[in-house]
Amino acid sequence: RLQLLDPQTEKPVKAGDELYLRGAVLMHYGLRGRGQWSGASFAAARPRPLEPSLEPQPNLLVQRVEIQPLDRPELFCVYPFRPLEPTGEVQFDAGTQRLLRDEADRRRVFVFALGTTGIEEGRQAELVPCGPWGMEKPSDWAIKHLLQTPDLPSLAKLAQQWDRQSGLPPENHIGRAKAMAGRLRSSGMFTYSLVGWPRRLDIDPIEDFLTENRAGHCEYFATALALMLRSRGIPARV
């Protein structure tokens, strides 16, 4: 459960019908076999407790999050987040870009509060800065990894076709990304389904999703978009 609150009055704030929460960032596709993502690793560092910034934070809302017992340490929230007070219960791992809780806290209902600047004029912002709290702008090394794409010829061909049909200039990364996302979402070619779907075993599952059996759950859509953008020279991650 997530509730947004005004920091001055502590009254609830509405922010549209849906909120997108982040739990984990995934950068590497195919390293552990076809159809598998693994996490980011910008730096080798231990998770550290949250420390609020000394600078004033304009346009900040409070997000109060309640998460049920779960066997994973990741915590979900609206990004970008800002710590409100020092705490050791919630830690941030800059290397994998994840908010974490201790193992003991996974076995109980866990409640925590953070600030966020991700709500603009009563709606969640479409774009989130790439460098969340505690992270600098991604390095050239990180950008290189955000462009890695395995050999997926059908995906690359479809991405080239859609990109060309958008008619947008190469430097308009945001516009091209939105155009490609719109094709996946609204073209009528693809169906969202939580039911397991048969896949061809001789090709990568994302190639099968894009060309043969065009139904799948959210990870298929997210993976397709990220890899199609990478194939067109636009850094992307899940």
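Phe76 lies in the loop that runs between strand E5 (61–67) and strand E6 (81–82). The structure described here is a predicted model. Phe76 has a relative accessible area of 35% and is classed as partly exposed because this value falls between the 20% limit for buried residues and the 50% limit for exposed ones.

Together with Leu19, Leu21 and Leu70, Phe76 forms a nonpolar patch on the surface. The accessible area of these residues together is about 300 Å².

## The three-stranded sheet

Three strands make up an open sheet in the order E4-E7-E8, and their pairing is antiparallel. Strand E4 (48–50) and strand E8 (98–101) are the edge strands, each of which pairs on one side only. Neighbouring strands in this sheet are turned against each other by 50° on average, with direction ignored.

Strand E7 (residues 87–93) pairs with E8 in the antiparallel sense, over four bridges. Phe92 has Leu99, in E8, as its bridge partner. In general, the strands of a sheet pair through backbone hydrogen bonds, in either a parallel or an antiparallel manner.

## Cysteines

The structure contains zero disulfides. Cys218 takes part in no disulfide, and the nearest cysteine sulfur, belonging to Cys77, is 18 Å away. A disulfide would require the two sulfur atoms to be within 2.5 Å.

Cys77 has a relative accessible area of 0% and is therefore buried. Cys218, by contrast, is partly exposed, with a relative accessible area of 49%.

Terms used:
Residues are numbered from 1 along each chain as its sequence is written. This is a predicted model: local features need pLDDT of at least 70, side-chain atom pairs count only at pLDDT 80 or more; totals for chains, interfaces and linings use all residues. Side-chain values use heavy atoms; hydrogens and water are left out. Two strands pair if DSSP finds at least two bridges between them. Helices (H or I, at least four residues) and strands (E, at least two) are DSSP runs, numbered from the N terminus. Axes are lines fitted to C-alpha atoms, for helices over the stretch in contact, and angles run from 0 to 180 degrees between N-to-C directions. Patches are made of residues with over 30% relative accessible area and no salt bridge: like charges are joined within 9 Å, nonpolar side chains (Val, Leu, Ile, Met, Phe, Trp, Tyr) within 5 Å. Accessible areas come from the Shrake-Rupley method with a 1.4 Å probe; for residues, only the protein chains shown count as cover. A salt bridge is a side-chain nitrogen of Lys or Arg within 4 Å of a carboxyl oxygen of Asp or Glu. Buried means under 20% relative accessible area, exposed over 50%, partly exposed in between (1.4 Å probe, protein chains only).
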